[in-house]
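Me: Hi! I'd like to walk through a model with you, with plain answers please. Here it comes.

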Number of protein chains: 2
Amino acid sequence: MSYAQLEALGRKLEAVDHAIAILSADEATNMPVGGGEKRAEAVAHLAGLRHETFTAPEIADWLDAAKSEDLSAEQKLSLAEFERVYTNATCLPADFVREQTRTNMRSEQLWRDLRAKNDWAGFAPALESVVALAREEAAMRADKLGLAPYDAMMEQYDPGNRAAEIAPIFDQLKTFLVDFVPEALENQADLPLKPVTGPFAIEDQRALGLAMMAALGFDFTHGRLDVSHHPFCGGVPTDVRMTTRYRTDEFLTALMGILHETGHALYEQGLPRDLSHMPVGKARGMAIHESQSLFVEQQLARTEPFWHWALPHLQEHLGADALPGWMAQDVLARVNMVERGFIRVDADEVTYPLHIILRFEIEQDLISGALSVVDLPEVWDAKMEAYLGLKTIDNPADGPMQDVHWPAGAFGYFPSYTLGAMMAAQQWAAIEKAHPSLNDDIARGDFHAVNAWRSEHIWQQASRYSTPELLTRATGAPLDPQFFIAHLKKRYG
Amino acid sequence: MSYAQLEALGRKLEAVDHAIAILSADEATNMPVGGGEKRAEAVAHLAGLRHETFTAPEIADWLDAAKSEDLSAEQKLSLAEFERVYTNATCLPADFVREQTRTNMRSEQLWRDLRAKNDWAGFAPALESVVALAREEAAMRADKLGLAPYDAMMEQYDPGNRAAEIAPIFDQLKTFLVDFVPEALENQADLPLKPVTGPFAIEDQRALGLAMMAALGFDFTHGRLDVSHHPFCGGVPTDVRMTTRYRTDEFLTALMGILHETGHALYEQGLPRDLSHMPVGKARGMAIHESQSLFVEQQLARTEPFWHWALPHLQEHLGADALPGWMAQDVLARVNMVERGFIRVDADEVTYPLHIILRFEIEQDLISGALSVVDLPEVWDAKMEAYLGLKTIDNPADGPMQDVHWPAGAFGYFPSYTLGAMMAAQQWAAIEKAHPSLNDDIARGDFHAVNAWRSEHIWQQASRYSTPELLTRATGAPLDPQFFIAHLKKRYG
């Protein structure tokens with residue numbers, strides 16, 4: 001039984017993935033500084049072992065043989081996904097991967113140093129090497145997968161994403177946003193901002209975060225909340241490791257971070273348990289994952305009904321005097337503040353997509369060869385000026401050097417963020433259509449309807465379908481930017 | 001180069017061991033309850049992988065070939081220890097190990113249930129199966145190692161331990177203790193006990209524990225202190241995971257536990273870093289490990305000079321009013337209280353060895369076949385009465401059912417505890433001979449001399465020598481019970 005062999009292989013991979021996931025979470029939350037070198041060796045060994053185990057040539061035979069076995073419809077979907085993941089993992093020769101890993105690691109290290117020094121000239125040659133290898137990688141992936149080179153890169157993060165489908169959607173969104181950003185800025189101009197007066201004790205913030213997580217459906221028998229320098233959601237579906245980072249002068253950054261990561265965590269905890277060892281049982285990809293975190297953050301937690309319910313909890317945990325006289329609108333005025341800025345990770349939900357569209361446009365040209373690394377600062381500057389009215393030419397550290405993605409060789413990843421935001425809006429619309437009183441539920445802190453819908457249509461579907469197909473099956477329509485545009489108009493228009 | 005192949009293999013094993021150690025520590029300290037099943041699968045897979053990697057037949061060829069390579073004296077010691085560990089790991093056929101693992105796991109599970117019910121009759125058949133397999137195991141190990149069966153079992157925990165050498169030493173100690181216990185009890189009869197009045201806040205106790213650990217030399221860049229149900233010292237030498245367990249009504253149990261585990265931690269942190277991937281670079285064994293924890297606990301922390309230094313720290317961390325009017329003697333009266341009891345793990349340092357000697361005598365007869373499981377309660381009861389004046393015949397839960405070792409199939413482990421206590425006393429005597437003012441150091445909280453000596457003679461020696469040889473090289477003499485006897489006489493006589 002070849003299918004059974006694939007299941008046994010899946011269990012081995014799951015065990016190694018479990019170890020790597022928990023070791024990585026522990027590294028970020030618990031490990032003393034001197035443990036790093038041996039930890040890196042241990043994780044590298046396990047990752048190598050995983051790659052070796054998963055790319056063994058006999059797996060191709062098992063996949064072929066399994067196709068003629070008597071499989072259920074479910075098993076056929078599982079087999080197809082197994083083959084897709086295997087094909088993606090075996091696109092590149094081992095020698096190439098080794099060279100690329102070395103090059104990308106050196107580039108990322110150099111980037112950490114030179115970004116702090118705003119030294120584009122010093123960094124550009126390293127990025128050129130990374131881009132050259134990424135072009136080779138894209139060509140090899142394209143060849144094996146029968147896709148266009150940039151599509152073959154996106155395929156790693158969101159199976160089924162195609163630039164030809166995404167580009168017109170991003171163009172609509174861009175056209176809308178370039179006009180809408182000034183409008184949103186003007187609309188918020190005379191909103192009064194109540195001061196936030198700390199200090200807010202970390203244990204109070206933590207208790208508040210835990211209470212919010214529990215209310216949203218986080219299962220504390222299968223996960224926990226820790227602290228790390230960069231917030232993340234890691235671990236495994238039966239043991240989700242979520243983190244945040246506290247400051248004592250204000251609490252909204254940490255809390256909004258917790259709400260975002262809770263969205264990721266609910267997805268992982270909501271995956272089908274009995275398929276956890278097979279590729280078909282994993283989360284679908286980056287865009288869908290981001291749609292789940294942004295669903296909680298943008299569709300639930302940046303709304304008036306949510307804060308109607310949440311505000312008393314804030315006051316309960318942070319002390320009755322913490323936010324004197326605050327109403328839901330006062331929280332919203334802070335968490336939904338729009339601002340033109342250089343930095344993607346600091347951007348609000350209105351300007352954020354423009355940061356992404358800029359990168360999507362540029363990285364396609366970097367991969368195709370239409371754009372050289374040497375011309376990157378000028379192109380970046382021109383687009384930033386056109387989209388957000390900001391000049392970056394004298395400040396590459398806050399321009400094309402700001403993200404780790406390209407220095408580390410990750411091309412095709414950026415679109416996922418904004419696709420996720422759009423998908424979250426489209427999912428909200430679908431749920432609200434089925435449950436017209438959804439906002440009343442949220443205002444009572446009742447998240448059963450949103451979670452039941454997402455469990456049925458997203459979480460439990462895991463990786464049965466491609467990213468576009470999953471969204472279409474869930475919401476009844478392909479990705480349509482009008483849902484997200486309507487969402488922004490309603491909130492900021 | 002076969003020796004180089006062994007080094008490469010050592011690095012692989014170290015990586016897998018690292019993963020298992022950290023996953024296990026995380027399981028006890030951080031893992032949410034629902035994560036257990038998948039964690040167990042992951043650790044079992046890694047353990048299986050480790051066994052498979054380490055018992056590959058080609059390793060025997062590498063070991064043989066390496067012997068004719070041009071090796072340094074250091075490398076020859078390393079090769080010998082590699083071969084010793086490999087031989088111990090390949091004594092048993094895989095089928096036997098599988099059957100034994102199943103039998104021992106079932107027995108241990110049954111024991112957890114039936115011990116709580118004090119049901120010896122229900123449990124005895126399971127223990128009989130365990131003992132039958134342990135006899136087979138001992139015979140196979142004996143055959144491969146050229147040792148007597150019980151010695152072959154001890155060899156797993158303390159290389160070089162031989163019953164013929166230990167038995168007369170334990171006999172001397174037993175003869176002394178049977179008379180000495182009543183004397184010690186009488187001596188403490190009119191010691192006044194100051195009351196301990198809590199509550200003691202957990203964060204204060206933790207801060208106190210951390211301060212004591214730091215003073216004793218614990219390196220917080222290579223380790224941390226957490227909380228778990230059963231205190232342990234785990235992790236890896238570059239990332240030692242130590243735990244304790246707090247109660248708020250008193251603080252001495254947690255603190256003494258921290259001091260004990262700190263002894264284990266210092267040993268792990270003090271092992272030679274550049275040999276961490278080779279068997280020769282690991283801690284020597286259970287008896288030496290226990291000698292390091294008991295050195296801190298019994299030789300340092302149960303003494304007047306130690307509390308002369310430590311008492312102000314207690315008052316600083318727990319509050320000035322915590323121990324009103326306490327002197328070092330008042331702490332000692334509590335931590336050094338002698339009591340005849342049924343339970344080994346609750347025993348003080350005077351009565352503890354009698355619990356061990358009883359088990360040592362019984363398990364030799366269980367392995368040889370001279371004693372049947374069915375007769376165990378009577379034998380236990382007779383020895384408990386002879387050694388400690390206590391009857392256990394009606395209470396098997398607190399008699400032969402009290403420990404997990406035999407139900408889990410671990411025979412030959414018990415002697416390590418008391419050997420460790422004796423070795424700690426012998427080490428103290430050796431250090432004091434070289435540094436006559438040692439007690440003045442301790443009274444100032446200066447542990448440099450004890451740590452420097454132990455680093456040079458124990459920690460940095462790692463597994464270069466057998467257990468008896470290591471002690472002899474370190475202290476200048478083979479194990480001699482008179483050091484421990486003198487220690488007890490001085491403290492309790």
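Me: What share of the 493 residues in chain A is buried?

Reply: Buried residues make up 56% of them. Buried means under 20% relative accessible area, exposed means over 50%, and partly exposed is in between, using a 1.4 Å probe and protein chains only.

Me: Before we go on, what kind of model is this, and what are the ground rules?

Reply: It is a predicted model, where local features need pLDDT of at least 70, side-chain atom pairs count only at pLDDT 80 or more, and totals for chains, interfaces and linings use all residues; side-chain values use heavy atoms, with hydrogens and water left out. Residues are numbered from 1 along each chain as its sequence is written, while chains are lettered from A and ligands numbered from 1 in the order in which they are written.

Me: Good to know. How much accessible surface does chain A have?

Reply: About 19,900 Å², and carbon and sulfur atoms account for 54% of that. The areas come from the Shrake-Rupley method with a 1.4 Å probe, and for residues only the protein chains shown count as cover.

Me: How many helices and strands are there in chain A?

Reply: Chain A has 20 helices and 3 strands. Helices (H or I, at least four residues) and strands (E, at least two) are DSSP runs, numbered from the N terminus.

Me: And why call chain A as compact as a globular protein of that length?

Reply: Its radius of gyration is 23 Å, close to the 23 Å that the globule rule gives for 493 residues, so chain A is as compact as a globular protein of that length. The radius is taken over C-alpha atoms, and the rule is 2.2 Å times the number of residues to the power 0.38. The C-alpha atoms of chain A fill a box of roughly 65 × 50 × 50 Å along the principal axes.

Me: What about contacts across the sequence in chain A?

Reply: Take the contacts with a separation of 6 or more: 73% of them join residues 24 or more positions apart. Contact here means heavy atoms within 4.5 Å.

Me: Which domains is chain A divided into?

Reply: Domain 1 covers 2-154 and domain 2 covers 159-493. Those bounds come from an automatic or database domain assignment.

Me: How many residues are in contact between domain 1 and domain 2 of chain A?

Reply: 44 residues of domain 1 are in contact with 53 residues of domain 2. The C-alpha centres of those two domains lie 25 Å apart.

Me: Switching topic: where is the cis peptide bond in chain A?

Reply: Look from Gly198(A) to Pro199(A), where omega is near -5°. Pro199(A) sits in the loop between α8 (163-187) and α9 (202-216) of chain A.

Me: And what about chain B?

Reply: The bond from Gly198(B) to Pro199(B) is cis, with omega near -5°. Pro199(B) is in the loop between α8 (163-187) and α9 of chain B.

Me: Let's move to helix α9 of chain B. Is Met213(B) buried or exposed?

Reply: Met213(B) counts as buried, at 0% relative accessibility. Helix α9 of chain B, where Met213(B) is found, spans residues 202-216. Leaving aside neighbours within four places in sequence, the contacts of Met213(B) include Phe218(B), Phe220(B) and Met242(B).

Me: And which helix holds Val296(B)?

Reply: Helix α11 of chain B, residues 286-300. Val296(B) is buried, with a relative accessible area of 0%. Not counting residues up to four places away in sequence, Val296(B) touches several residues, among them Leu216(B), Leu259(B) and Arg454(B).

Me: Last one: where is Gly235(B)?

Reply: Gly235(B) is in strand β2 (residues 233-236) of chain B, and counts as partly exposed at 22% relative accessibility. Gly235(B) and Ala19(B) are 216 residues apart along the chain, yet their C-alpha atoms are separated by 9.0 Å. Beyond residues up to four places away in sequence, Gly235(B) touches Ala21(B), Ile22(B) and Arg241(B).
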